[in-house]
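Hi,

Here is the structure I promised to pass on. Have a look, then read my notes below.

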Amino acid sequence: QSDGSKAMIAGGFYDDTTAFSMIQSYTYASDTGADNGNDLDFARKDQSGSQDGTHGYIFAGLNQANAGVTQIDRYALATTVNAIDVGDLTKTKAAQTATTSETKAYVIGGGHAGVDVFAFASGSNSVTSTEVFNVQTEGSGQYNSWVGNSAETAGYISSERAFESIPQWPGGSFEIQKIHYSSNTTTKDIGDLTKRGNAGSAAQY
């Protein structure tokens with residue numbers, strides 16, 4: 001997440017067991033280390049994030065007890081005020097991804113086919129999430145570990161995790177799927193990656 005001048009990294013875990021709540025940030029213009037200016041509402045890992053023009057949003061994940069949560073945290077990108085609880089997803093999700101339009105966030109996967117969609121509400125302490133449509137997958141899919149990218153009118157997801165016991169999907173999928181923001185629908189398999197995989201990361205320009 002970024003406000004245009006610095007990057008924010010929220011939550012995570014270390015030594016395989018301990019989750020933390022800190023939101024770390026570092027400035028692009030200065031080659032210095034990260035600073036811990038604010039914190040999430042509670043420690044979590046395997047969450048996903050999105051942002052509008054002024055706020056960052058953190059969705060679901062696993063808490064310190066390794067239990068799934070539904071909570072959505074929001075924090076201001078330009079301040080060091082701690083994140084607050086502004087709502088919940090429709091169900092627990094972990095290892096999910098998110099794509100973003102100008103006005104909405106789409107939280108995808110996390111062990112479920114349903115996509116949670118909600119409108120950003122900067123300045124409101126209430127965010128309503130509605131599961132409005134499903135992503136599509138092969139029968140072997142686990143609906144998690146996708147990689148998400150956002151364009152102006154559509155989101156793109158790829159690299160879904162697959163059951164290791166399915167010979168045709170060893171470790172991940174090739175498929176790229178398109179999420180149409182205007183119609184809340186998906187187009188399955190618009191193309192393929194050059195190499196199958198899962199749990200990757202993404203950048204865009």
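Ile-157 has Gln-177 in E15 as its bridge partner. Strand E14 (residues 154-158) and strand E15 (residues 173-180) pair in the antiparallel sense over five bridges. Strands here are DSSP runs (E, at least two residues), numbered from the N terminus. Two of them pair if DSSP finds at least two bridges between them.

This is a predicted model: local features need pLDDT of at least 70, side-chain atom pairs count only at pLDDT 80 or more, and totals for chains, interfaces and linings use all residues. Residues are numbered from 1 along each chain as its sequence is written, and side-chain values use heavy atoms, with hydrogens and water left out.

E14 and E15 belong to an open, antiparallel sheet of four strands, ordered E13-E14-E15-E16. Strand E13 (147-150) and strand E16 (185-197) are at the edges; each has a single partner strand, so one side of each lacks a neighbour in the sheet.

Next, strand E5 (residues 55-63). Eight of its nine residues are buried, so E5 is largely enclosed by the rest of the structure. Buried means under 20% relative accessible area (1.4 Å probe, protein chains only). Strand E4 (residues 48-51) pairs with E5 over four antiparallel bridges. The two form a hairpin with three residues between them. Gln-51 stands opposite Gly-56. On to strand E6 (residues 68-76): seven bridges join it to E5, again antiparallel. Phe-59 faces Ile-72 there.

Last, Asp-116. It lies in strand E10 (residues 114-119). Asp-116 is buried, at 0% relative accessible area. Its side chain reaches the backbone nitrogen of Thr-90 at 2.8 Å.

Best wishes

Note on methods
Buried < 20%, exposed > 50% of the residue type's maximum accessible area, 1.4 Å probe, protein only. Polar contact = N/O pair within 3.5 Å; in protein donor to acceptor, adjacent residues only side chain to side chain.
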